Amino acid sequence: MTWAKDWVRSSPGTHIWLLVIGITSLVIAAASEGLGQFLVHRTSSNIHELNEHPLPSLLISGFWIERPESFLLYAVMFELLHANVERWTGTTRWLLTVGGAHIAATLASQELVLLAIEGHRLPRSMTHVVDIGVSYGLAAAAGVLTYRLRPPWRYGYLAGVLVFFGIPLLTGASFTDFGHAIALVMGFAAWPLTPAAAEEPPPEDRTGPADRAAGPPPERRPESPQER
């Protein structure tokens, strides 16, 4: 199927990421309950792991999902969001956007957990909370994809995205809901990296047809001493 090969080749980062998640999901599914719990805690980007292994925990946590049975759903989301954004912006800009959002959202959400622990609003056991998954990157891709759509579809899509991520944030938000909001905002802020930003004409070129047809204003003759 040529179209499928072309689709995969046009978004290699998305499909390599998805392949790794498929492998780690198989590992979790085949592991015993005890081993599975060890793996998801060891690969989490929680406060404990960030203190002990900051860089590995930030990177590795983005390649695991807690429930392997959700893999097919994530595969669909990757094709709809990541693949389209990567094909549109290019692999490098896509990776900068979703990778940066994953890291920033993880650090911000875990900082929120730390503050809640220090304020005695959460138990100290939350330093070992399971924090793995790919949802922060998906939230960032969802934000970027807003600029890919043309009006009026853009506005309907934007409203749906804001409702989807906003309702959990406003109704008993967890640290992951806060992280999703951070990642979504970073996706919106990635406008300068998109082709749509390059296509927008500079302010001096935004003249109407009438202005262009009229041509430059006539030169003014210098005033003589008698003219007032």
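In this predicted model, helix H8 (residues 135-145) is largely enclosed by the rest of the structure, because 10 of its 11 residues are buried. The buried residues are Tyr 136, Gly 137, Leu 138, Ala 139, Ala 140, Ala 141, Ala 142, Gly 143, Val 144 and Leu 145. They pack against four helices, namely helix H6 (71-89), H7, helix H9 (153-170) and helix H10 (175-189).

## The protein as a whole

The protein contains 12 helices and zero strands, and its pattern along the sequence can be written as α-α-α-α-α-α-α-α-α-α-α-α. Of its 228 residues, 37% count as buried. The protein exposes about 13,900 Å², and carbon and sulfur atoms supply 66% of that area. When contacts with a separation of 6 or more are considered, residues 24 or more positions apart account for 77% of them.

Helix H7 (residues 91-118) can be described through two of its partners. The axes of H2 and H7 come within 9 Å and cross at roughly 50°, which makes H2 oblique to H7. On the H2 side the contact is made by Pro 12, Gly 13, Thr 14 and Trp 17, while H7 contributes Thr 91, Trp 94 and Val 98.

The axes of H6 and H7 are 6 Å apart, and these two helices pack at an angle of about 130°, so that H6 is likewise described as oblique to H7. Here His 82, Val 85, Glu 86 and Thr 89 in H6 meet Thr 91, Arg 93, Trp 94 and Val 98 in H7.

Ser 109 is itself buried, with a relative accessible area of 0%.

Trp 64 lies in the loop between helix H5 (54-60) and H6, and this residue too is buried, with a relative accessible area of 11%. Leaving aside neighbours within four places in sequence, Trp 64 is in contact with Thr 24, Val 27, Ile 28, Leu 39, Thr 43, Ile 132, Gly 133 and Val 134.

| Pair | Apart in sequence | Apart in space |
|---|---|---|
| Ser 109 and Gly 179 | 70 residues | 5.2 Å |
| Trp 64 and Ile 21 | 43 residues | 5.7 Å |

## A salt bridge and a nonpolar patch

Side chains of opposite charge can pair when their charged atoms come close. A search of the whole structure finds one salt bridge, and it joins Glu 49 to Arg 42, with the closest N and O atoms 3.2 Å apart.

On the surface, Leu 19, Ile 23 and Val 27 form a nonpolar patch with about 270 Å² of accessible area together. Ile 23 belongs to helix H2 (residues 12-30), and at 48% relative accessibility it counts as partly exposed. In an α-helix there are 3.6 residues a turn, so residues three or four places apart point the same way. Val 27, a member of this patch, is also among the residues in contact with Trp 64.

## Two details of the backbone in the loops

Is the peptide bond from Pro 151 to Pro 152 cis or trans? The bond is cis, with omega near 5°, and Pro 152 has its place in the loop between H8 and H9.

His 120, in the loop between H7 and H8, has a positive phi of about 60° although this residue is not a glycine. His 120 is exposed, with a relative accessible area of 73%.

Definitions and conventions
Residues are numbered from 1 along each chain as its sequence is written. This is a predicted model: local features need pLDDT of at least 70, side-chain atom pairs count only at pLDDT 80 or more; totals for chains, interfaces and linings use all residues. Side-chain values use heavy atoms; hydrogens and water are left out. A salt bridge is a side-chain nitrogen of Lys or Arg within 4 Å of a carboxyl oxygen of Asp or Glu. Patches are made of residues with over 30% relative accessible area and no salt bridge: like charges are joined within 9 Å, nonpolar side chains (Val, Leu, Ile, Met, Phe, Trp, Tyr) within 5 Å. Accessible areas come from the Shrake-Rupley method with a 1.4 Å probe; for residues, only the protein chains shown count as cover. Buried means under 20% relative accessible area, exposed over 50%, partly exposed in between (1.4 Å probe, protein chains only). Axes are lines fitted to C-alpha atoms, for helices over the stretch in contact, and angles run from 0 to 180 degrees between N-to-C directions. Angles under 35 degrees count as roughly parallel, over 145 as roughly antiparallel, 65 to 115 as roughly perpendicular and the rest as oblique. Contact means heavy atoms within 4.5 Å.
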